[in-house]
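I am opening a notebook page on a structure that is new to me, and I want to write down what I look up as I go.

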Amino acid sequence: MPDLPSVLFVCVHNAGRSQMAAAFLTHLAGDHVQVRSAGSAPAATVNPAVVAAMAETGIDISAEIPKVLTVDAVRSSDVVITMGCGDTCPVFPGKRYLDWQLPDPAGQGVAAVRPIRDEIGRRVRDLLTELTQTS
């Protein structure tokens, strides 16, 4: 069996955008893609509005815990997708980096999180299509 493609989603707090992206990719790809998420300065908990917005799509992320970004996580990923972590993300040669410019859901209610969630879902579907065509 060939190596699975691996994707790391990174944002500052690992409490919103990167959690949603990882949850969508895990949900859609199953065990066909290794999925990780992390933050350069992780929050204590995932944003409750993000948990609620994802629950509306049938994806439960209530048990997720923000994780700290490690060099090993970046090194072991094929694709690193950053969402506002700026210069805090380590860069390694040979990795594919994408920067998704998305509003930060921090401090927002569910109504404001929905369009961010939907855009992340769209981008994740596009990414998955791309990954499955090249693997």
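**Arg17 and its surroundings**

I began with Arg17 and listed what it touches: leaving aside residues up to four places away in sequence, its contacts are Cys11, Met83, Leu102, Pro103, Asp104, Pro105, Ile116 and Ile120. I then looked up where this residue sits, and found Arg17 in helix α1, which covers residues 17-29. Is Arg17 buried or exposed? Its relative accessibility is 7%, and because the cut-off for buried is under 20%, I noted Arg17 as buried.

**Aromatic pairs**

Next I asked how many aromatic pairs there are by the rule used here. The count comes to 1 aromatic pair, and its partners are Phe9 and Trp100, whose rings lie 5.9 Å apart from centre to centre with 50° between their planes, a tilted arrangement. I traced Phe9 to strand β1 (residues 6-11) and Trp100 to the loop between β4 (96-99) and α4 (110-134), so this pair ties together parts that are 91 residues apart in sequence. I also checked both partners for burial: Phe9 is buried with a relative accessible area of 0%, and Trp100 counts as buried at 9%.

**Confidence**

I kept in mind throughout that this is a predicted model, and therefore looked up its confidence values: the mean pLDDT of the chain is 91, with 93% of its residues reaching 70 or more. Among the elements of the chain, helix α2 (residues 48-55) has the highest mean pLDDT, 98, while helix α3 (residues 71-75) has the lowest, 89.

Key:
Residues are numbered from 1 along each chain as its sequence is written. This is a predicted model: local features need pLDDT of at least 70, side-chain atom pairs count only at pLDDT 80 or more; totals for chains, interfaces and linings use all residues. Side-chain values use heavy atoms; hydrogens and water are left out. Helices (H or I, at least four residues) and strands (E, at least two) are DSSP runs, numbered from the N terminus. Buried means under 20% relative accessible area, exposed over 50%, partly exposed in between (1.4 Å probe, protein chains only). Contact means heavy atoms within 4.5 Å. Rings of Phe, Tyr and Trp (its six-membered ring) pair if their centres lie within 6.5 Å; planes under 30 degrees apart count as stacked, over 60 as edge-to-face and the rest as tilted. pLDDT is the predictor's confidence in each residue, from 0 to 100.
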